[in-house]
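Welcome to a short tour of a protein model. Have the sequence and the 3D view ready, and look up each residue as we come to it.

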Amino acid sequence: MRILWVCNKSPKLVAEAAGIDGAHSGGWLDSTAADLLSNSGNVLKVLFLGKDPVEGSSGNLSFASFCGDVSDVWFCKHFDSFQPDVIHIWGTEYPHSLEAMRAANSSDLRDSSVVSIQGLVSVYGRYHYSEGMPARVMHIPSFGDFVRRTNLNNDRRDFIKRGESERECLRLAKHVIGRTEWDKACALQINPCALYHHCNESLRAEFYDGSWDLINVDRHSLFVSQCSYPVKGFHYALQALSMLKMEYPDVMLYTTGESVFRDSIRRNLGRTSYQGYIAHLIEELGVRDNVRFLGSLDALEMRNRYLRSHVFVSASTIENSPNSVGEAMLLGCPVVSSNVGGIADMLDHGTEGFLYQSSAPYMLAWYISRIFDDDSLADKFSRTSRSHAARTHDRKLNLRTLMSIYDSIAAKRGVV
């Protein structure tokens, strides 16, 4: 089958073939591309958003990059030259997805095209972006954001603006791939006529190897995988941390990214508004000695952090089915997550981990303390969550499901 992907970033195989150094690849794209190409009968072309123009091929893989202001004409050119059996647009968050869908329509390939739901910026921006954030922080920029001529409220509006093209892309789509009740509800509310296909996502290979064990963890340690903007809910995690510190003075919260406490006044002035708020909150809550920023971690470093953590925390105000929760579950690290979006489809409360109301950091602290205090509960969550995640992220099953979707779409055009 001739398969064409439109992606927000380059899969690892493409980055390697194109010689792109330091590329941050998309985890589910990496494993799925490798699995597709393991069948010599498949030919894959990847069009991806990139900083520099690249184009090339390697075996049955070909690729080309585009910039953010790409038009439907560019996509039409590649569609016409490649003659795909199926066009798969991964994600709706950026305007290029709409341009690709418009190109599919004008090339008479709408029936051969499918759009995957990753996140939904139209929903994130309208309902969830500023949850738990003080109005002054949302509207008054840090010095760095003032220089960049933005603030958090403008960032929220950018989500809403991008959401307009997202909604139009979904309204044009005949086929949609999702994986949770949440994304199904959102997609079909936007386009009730779309044909919805369910397909779980596979994770990076590194997370299928390794098993969490209490013997190896740093006791009373927490891991939050991202803290870069308000939707990730790090402000809520810090509030829970301050409550936990009263009972567990040695509690440590680890997260990725650059420290919000820089080594010079000039660098501190360059912080984003959210980074500045996080720094203020850490000082105000008295938890500076209890937070560690780990910088950028590759897949192996992420895996090792999960395996050393007592509890993995997802404090987001909205998610669909985040890779981080899947990675923690697959390794067996006990999870406490906000019950938002599609999370409840990933993890069963009380049996495989704990879910709590996103705006209730006191419940986050409560559930973490239950795991801290009960090793048998931690072990139970580790076993049951691993079993669930092994089914959700079964690479062979997910590949068969995806190929079945491709086959059904191609068959309706008489391709197979």
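Let's begin with Cys333, which counts as buried because its relative accessibility is 0%. Here, buried means under 20% relative accessible area, exposed means over 50%, and partly exposed is in between (1.4 Å probe, protein chains only).

This is a predicted model, in which local features need pLDDT of at least 70 and side-chain atom pairs count only at pLDDT 80 or more, while totals for chains, interfaces and linings use all residues. Residues are numbered from 1 along each chain as its sequence is written, and side-chain values use heavy atoms, with hydrogens and water left out.

How many disulfides does the structure hold? It has zero; a disulfide is a pair of cysteine sulfur atoms within 2.5 Å. For Cys333, the nearest cysteine sulfur belongs to Cys227 and is 17 Å away. Cys67 is in no disulfide either, with the sulfur of Cys76, the nearest one, 16 Å away. Cys67 counts as partly exposed, because its relative accessibility is 42%.

## Two nonpolar cores

A nonpolar core is a set of buried Ala, Val, Leu, Ile, Met, Phe, Trp, Tyr and Cys residues joined through side-chain atoms within 4.5 Å. The largest one has 106 residues, and those touching the most other members are Phe75, Phe79, Leu222, Phe234, Leu238, Val336 and Ile368. A second, separate core has 26 residues, including Trp5, Val86, Trp90 and Met403.

Now zoom in on Leu238. Leaving aside its neighbours within four places in sequence, Leu238 is in contact (heavy atoms within 4.5 Å) with Ile278, Leu281, Ile282, Leu285, Val287 and Val291.

## Helices and their surroundings

Helices (H or I, at least four residues) and strands (E, at least two) are DSSP runs, numbered from the N terminus. Helix H10 (residues 234-247) and helix H12 (residues 273-285) have axes that come within 10 Å and cross at roughly 5 degrees. Axes are lines fitted to C-alpha atoms, for helices over the stretch in contact, and angles run from 0 to 180 degrees between N-to-C directions. H10 and H12 are therefore roughly parallel to each other, a label for angles under 35 degrees. Where they meet, H10 brings Phe234, His235, Leu238, Gln239 and Ser242, while H12 brings Tyr274, Tyr277, Ile278, Leu281, Ile282 and Leu285.

Next comes helix H13 (residues 299-308), whose buried residues are Ala299, Met302, Arg303, Arg305, Tyr306 and Leu307. Among the elements covering them are strands S9 (218-224), S10 (252-255) and S12 (309-314), along with helix H14 (323-331). Asp298 caps the N-terminal end of H13, with a side-chain oxygen 3.2 Å from the backbone nitrogen of Leu300.

## A close look at Ser65

Ser65 sits in strand S4 (residues 61-66) and counts as buried because its relative accessibility is 9%. What does the side chain of Ser65 reach at 2.9 Å? The backbone nitrogen of Val54. A polar atom of the Ser65 side chain also lies 2.9 Å from the backbone oxygen of Asp52.

## Two positive phi values

Gln83 is not a glycine, yet it has a positive phi of about 55 degrees. Gln83 lies in the loop between helix H3 (72-82) and strand S5 (86-90), and counts as exposed because its relative accessibility is 52%.

His220, in strand S9, also has a positive phi, near 60 degrees. Is His220 buried or exposed? With a relative accessible area of 17%, His220 is buried.

How values were computed. A polar contact is a pair of N or O atoms within 3.5 Å; within protein, one must be able to donate a hydrogen and the other to accept it, and residues adjacent in sequence count only if both atoms are side-chain atoms. Angles under 35 degrees count as roughly parallel, over 145 as roughly antiparallel, 65 to 115 as roughly perpendicular and the rest as oblique.
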